[in-house]
Amino acid sequence: MAHVTLPSSPFPFPSWVRRVGQVFVILIPIFVLLLFVLYPLAAIILQSIFPTLFTANPSLIPNFDALQEVVKNKENYIALGNSLWQGAITALLASLIGTVLAILARRTDIPLRGAMDTLVWVVFFTPSFLVGEAWSLVFIRGGVPDQYFHFSDGFIAWFFSPVGVIFILSLKTFPYVYLSVSAALRWLGSEFEDAARLAGARTWRAWLSVNTPLLLPAILAAGLIAFAEALSDFGTAATIAQSSNVTLVTYQIYSAINTSPVNFPLAAALSLLLFISITLALLVQAGVLRTRSFQVISGRSRPARPVELGAWKWPATLVCVLIFLLALVVPIGVCIVLSLLHAFGQGLVASNWTLDNYTAVLSQGSDSLDALFRTLWLALGTATLTAVIGLPIAFIIRRTQLPGRKLLSLFTLVTIAVPGIILACGYIFAWNAPYLQYVGIGGDLGIPFYGTIWILLAAYVGGSLPYATRLGIGALDQVGQNMLDTARVQGASLFQLLTRIVGPLLQSSLLSVWLLVFTGTMFELAASELLYPPGQPTLPVRIISLFNDFKLGPGMALSMLNIGLVLVVLFVLRSIPWLFTRLLRLGKWRKVKYVSTDTATQ
Amino acid sequence: MFLQIQQLNKTYGSRTVVSSVDLTMEEGEILSLLGPSGCGKTTILRMIAGLVRPDSGLIRIGNRILFDGKREMPVEERDLGMVFQDYALWPHMTVAKNIAFGMRLRRVPALTIAKRVTELLELVSLPGFENRFPYQLSGGQQQRVAVARALSTEPRIILLDEPLSSLDTALRETMSAELVRLFKRLKITTINVTHDQNEAMNMSDRIMVLRDGHVQQVGTPTELYQHPTNAFVASFMGPANMFFGAVAQHPGHMALHWNSTQEIIGSIPETLRVQLKERAGLLCRPDDIFVHQKVRDFSHANVLTGTVSHSSFVGGRWRTLVAVGEQKEQSVLAFAPEQLQLDQQVWLELPPERCQIVPEV
């Protein structure tokens, strides 16, 4: 072997540079987590106990007036009560719909089963404010359907009540149950039901007495998530719940901050109670999941046989079609139709069809177009930052021995379901506090942060970081430790390990996280409503304000553009890997002509 | 003295994994850490690599101190090569990129890297495999790539963590011979972790036998086989018949009271004699035992009688198990010249000069 001498010092940097780099890789993500998630959430607790803490003359005298006000003031406890009982019924309905759909899709020969996953994901991503608004417009007196069907007063009154709210919330939350039960079904083989049938039970009997109890923990856990999601939903609270005069707690928090007289302590107290409810639900959920071990006994099973539905095939299909009709086709259809009408009062006549709404919102320099671009870059930035910051945190939690990593893990777990409205509330207290002037933030002389677009970006990142981290942890668990150790032995620093080995290995999970965060941010309403800088609304904020001004045509046109934009980005990102491999193949074909190791050395 | 390890210790909670391990190696030497699973061999290797932090001790390579009880050199600065059991090739990189990784981190010029990747692939007999991905290679080929990658940064010491255990038997033999030739040619100091004594004897200049974190014996393969220092090493280093009993000191020779009627004569080196306690073990390798079908006049008393309990034709010889002792409680392995009938009575001759007395543990 010819002897090639490597540089005498194996490392081009002095080791302290590498150490500092290491510290940065660890400290920056943790700092982001502390400043933009922990600090605002702590501010809520502090604000509800020390009402004057975030004023110009802070004092540390505890005062429980705000918490008492929740109990005393009818509006407040009714809002909290509404959220709780309607959330509970929603969870029941969502569990039913999600479980039925999951079983039909995974275990029967129903015609739609191939498309079910995709459809459920689309429902998952459709913003609740749009579904809520669309359904209110379906049944509104004088609306397009009303012009043909003439709904009775009784029916309209019946729908614009908790019934409508629960209806929308159920349609929005059943995907959580569907996904959870689908996953559980994957682990549940056909053995149990076969055994029951050999013992003489009919298929339906076997399902009812054997499989359903086995699936129950999964359903229960998912139902609790649906409950937490229904509690934290703001889009429904801001649309159909408002039209129905049902006040939900998320909206009550919003009004405490956004309508005068502004009542920060009350907002904090409500947020705290909401946060506690959600955390309790999730703790119970974690407890339920822990008892689930008996399910995995049948683990690594062969693919289960589908049940033949026979005569039940068509009724079952009808149920599925109906659910997606209600959750997807009707709302989106209504939005599309309304976006193409001059005025919906005039009905579906030829003269009423128009593209004006689109040209209006897309016209150069319109507020709507500004909002569109603002939200687009915010979403791109949030998704990228979250993916970049979430990965090191996941790595710290799973693959290092750093002290405090367990605490970090617990923190990301607890904050995973913090609703945008609560986080935004915390931002108002935490980042608008007068004492920040002393560290050069805000005030007349400091760097402005509160009231700029940057606080919105920070809130978006803070809101998505916990679940991005949890997803990253899940993905990291599938990477062999030896692959990482080898890289270290070969001389890779922490930074190089993350960028050259872990990142590329987790490429597809990172992409999923990116898409999830991107889509979520594109439709984010709650935090945006509270934190958008004056005169610079985001897209969902703009859409809601158009709805509120009863400019339905432009509002719907903008919503369609919002959805269209997300679809375009999804499509582009999905086709990038394909394009990339095509280009790579082309490149390889050409490279064969000269040195074949070129790819290695570039 | 190239590598030096002194008083290395590691405990996990209350469990001692590595206890007071001392080791020195010369440059270019190939040493195997041998022992059953859980004996601490992999932990020692990972402590040298820097992947596990020792509780105390000293690790030094050349004039660089890797660990001195307080300060620890980070893994990435130790400049070692390591090959893992599952190869741990990065699936998102081609063979060339896998091998080039360490050199690229060291800012080696691209042309040099390309040249060296080609050389390394030739060295491990995989010329022209640059643009393949790991999943396109067989187990043996992945193994070679992992070795090439470990060699790419020109480490002066290479650590092998059971790299041959996931290959099939035939491939294992050829690979181990190939690796020894390669490492000898490059004069690379090698530490190989294995639980397979054949592999250890095949590859190593010296072997360190470990048990429960304690060093049992360090020596060349022949030393370990012929002069094991205790019963554990004796039975671990190849097929062994061990008899246990009380030590009997006779003028001129030593023996073991195997049972109330039988004494077996054996020898013991002076160095081990001092370690003897009341009880000890007596080692007689199956190859050294003569199987007789008829009783005859033996010149010594080392004859056990028993009945055949199993006879099978393995590797060109009749592998015979004979149940001996008052209750036929012990099975002795020997090789008979022909097939023997089950339950047939035989006499086993254990030549005293081939019998060694060793401390029990």
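How many contacts beyond four places in sequence does the model have for residues 293–301 of chain A, where pLDDT stays under 50? The model has 14 such contacts for this stretch. The structure is a predicted model, and the report therefore opens with the predictor's confidence in each residue, which is what pLDDT expresses.

**Confidence in chain A**

The mean pLDDT of chain A is 84, and 92% of its residues reach 70 or more. Over residues 1–12 of chain A, however, the pLDDT is below 50, and this stretch has 18 contacts in the model beyond near neighbours in sequence.

**A helix and a loop residue in chain A**

Helix H23 of chain A covers residues 507–522, which makes 16 residues. The buried residues of H23(A) are Leu510(A), Val513(A), Trp514(A), Val517(A), Phe518(A), Thr519(A), Gly520(A), Thr521(A) and Met522(A). As a general principle, an α-helix has 3.6 residues a turn, so residues three or four places apart point the same way.

Thr126(A) lies in the loop between helix H4 (113–125) and helix H5 (128–139) of chain A. Is this residue buried or exposed? Thr126(A) is buried, because 24 other C-beta atoms lie within 10 Å, and a residue counts as buried when there are 20 or more. Leaving aside neighbours within four places in sequence, Thr126(A) is in contact with Val131(A) and Leu328(A). Thr126(A) and Ala527(A) are 401 residues apart along the chain, and their C-alpha atoms are separated by 17 Å.

**Chain B as a whole**

Chain B has 361 residues, of which 45% count as buried. Its secondary structure comes to 9 helices and 20 strands. The C-alpha atoms of chain B fill a box of roughly 80 × 45 × 35 Å along the principal axes. Among the contacts in chain B with a separation of 6 or more, 65% are accounted for by residues 24 or more positions apart.

**Strand pairing in chain B**

Strands of a sheet pair through backbone hydrogen bonds, either parallel or antiparallel. In chain B, an open sheet of 4 strands has the order E2-E1-E4-E5, with antiparallel pairing. Strand E2 (15–25) and strand E5 (64–67) are the edge strands, since each pairs on one side only. From one strand to the next, the twist averages 25°.

| Strand pair | Bridges |
|---|---|
| E1(B) and E2(B) | 7 bridges |
| E1(B) and E4(B) | 5 bridges |
| E4(B) and E5(B) | 3 bridges |
| E11(B) and E14(B) | 6 bridges |
| E14(B) and E20(B) | 4 bridges |

Individual residues can be followed across these pairs. Tyr12(B) has Arg15(B) in E2(B) as its bridge partner, and Gln6(B) stands opposite Leu58(B) in E4(B). The bridge partner of Arg60(B) in E5(B) is Ile65(B). E4(B) and E5(B) form a hairpin with 2 residues between them, and Gly62(B) in the turn has a positive phi of about 60°.

Strand E14 of chain B, residues 279–284, is mostly covered, with 5 of its 6 residues buried. Gly281(B) in E14(B) is the bridge partner of Phe244(B), while Ala280(B) has Pro359(B) in E20(B) as its bridge partner.

Note on methods. Residues numbered from 1 in each chain as written. Chains lettered and ligands numbered in written order. Predicted model: local features only at pLDDT ≥ 70, side-chain atom pairs only at ≥ 80, totals over all residues. Expected span 1.5 Å × (residues − 1). Buried ≥ 20, exposed ≤ 12 C-beta atoms within 10 Å, placed from the backbone. Contact = placed C-beta atoms within 7 Å. pLDDT = per-residue confidence, 0-100. Pairing = 2+ DSSP bridges. Axes fitted to C-alpha atoms, helices over the stretch in contact; angles between N-to-C directions.
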